[in-house]
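Subject: Structure handover

Hi,

Here is the structure I promised to pass on. Have a look first, and then read on for what turned up in it.

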Amino acid sequence: MKTTATILVLTVTAFLFVAGDACGNVPQMRWTDACVKTGETAELYHVCQETLQHGPDAAELTAYVILAARLAKGSYDDTVGRAAQLIADGSLPGEQRASYQQCIDSYATARVQMVRVMGELTQCDFTHAGQELQAAVAAMAACGKGLAAGTPLEALNAADKDRTTVVYDLGTLIFGRAPGSMNP
């Protein structure tokens, strides 16, 4: 985990060095302030803190969104790996296998959205980011609806939904809520 955190800090630092103030009119703030502004609940505030503590103390908000998106994407990959392992080992009843497979599909949707957002924000393109992050939150929610309480994937999905919501909420500090969006 320490190696991953170091790589993420270096990636964000490299982004800041290359992008500088290239995304004009994007606020710069301390990560603690960003979490206060986006922490709709105590749990989401805590997830935001856990996420952004791996980044610089103060940065352009795009750097924080990219950092949070990279961490969410990495968690998606871990969760999908765990779901695939549980499907493959045959320990799940039939209906749970179907739910897990649906989750793998939902995670693929969320992952694609996060990759798009990271690429777009690196280019200072905010045109579709709100809608893409909203789609990622919806994909996490769709997975969760199909999971039985107490199943191994349920807790992982709940944590990933929180991570995704934090990315979305950080993004709203830059480009506002997507048209027609719900408050995830």
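What share of the 184 residues in the protein is buried? Buried residues make up 43% of them, where buried means under 20% relative accessible area, exposed means over 50% and partly exposed is in between (1.4 Å probe, protein chains only).

Before the details, a word on the source. This is a predicted model, so local features need pLDDT of at least 70 and side-chain atom pairs count only at pLDDT 80 or more, while totals for chains, interfaces and linings use all residues. Residues are numbered from 1 along each chain as its sequence is written, and side-chain values use heavy atoms, with hydrogens and water left out.

**Overall layout**

The protein has 7 helices and 2 strands; these are DSSP runs numbered from the N terminus, with helices being H or I of at least four residues and strands E of at least two. Starting at the N terminus, the order is α-β-α-α-β-α-α-α-α. Looking at contacts (heavy atoms within 4.5 Å) between residues at least 6 apart in sequence, 72% join residues at least 24 apart.

**The core**

A nonpolar core here is a set of buried Ala, Val, Leu, Ile, Met, Phe, Trp, Tyr and Cys residues joined through side-chain atoms within 4.5 Å. The largest one has 48 residues, and those touching the most other members are Leu52, Tyr76, Met114, Val167 and Leu170. Two or more residues come from each of α2 (31-38), α3 (42-52), α4, α5 (94-122), α6 (129-145) and α7 (152-175). Helix α4 gives the most, with 13 residues. As for Leu170, its contacts beyond four places in sequence are Ala34, Thr38, Cys48, Leu52, Tyr64, Val65 and Ala68.

**How α3 meets α7**

These two helices pack at about 80°, and their axes are 9 Å apart. Axes are lines fitted to C-alpha atoms, for helices over the stretch in contact, and angles run from 0 to 180 degrees between N-to-C directions. That makes α3 roughly perpendicular to α7, given that 65 to 115 degrees counts as roughly perpendicular, under 35 as roughly parallel, over 145 as roughly antiparallel and the rest as oblique. On the α3 side, the contact is made by Glu43, Leu44, Val47, Cys48 and Leu52; α7 brings Asp162, Arg163, Thr165, Val166, Asp169 and Leu170.

**Charges**

How many salt bridges does a search of the whole structure find? There are 2, a salt bridge being a side-chain nitrogen of Lys or Arg within 4 Å of a carboxyl oxygen of Asp or Glu. In one, Arg111 pairs with Asp77, with the closest N and O atoms 2.7 Å apart. That pair links distant parts of the chain, joining α5 to α4 across 34 residues. Arg111 is partly exposed at 31% relative accessible area, and Asp77 is partly exposed at 33%.

Arg163 and Asp160 also form a salt bridge, at 2.9 Å from N to O. Both sit in α7, 3 residues apart, about one turn of the helix. Asp160 is buried at 1% relative accessibility, whereas Arg163 is partly exposed at 28%.

**Two residues of α4**

Lys73 lies in α4 (residues 61-88). Lys73 is buried yet has no salt bridge, and the nearest side chain of opposite charge, Asp77, is 4.3 Å away. For charge, Lys and Arg count as positive and Asp and Glu as negative, with His and the chain ends not counted. Beyond four places in sequence, Lys73 contacts Arg111, Val115 and Met118.

Ser75, also found in α4, is buried with a relative accessible area of 12%.

Cheers
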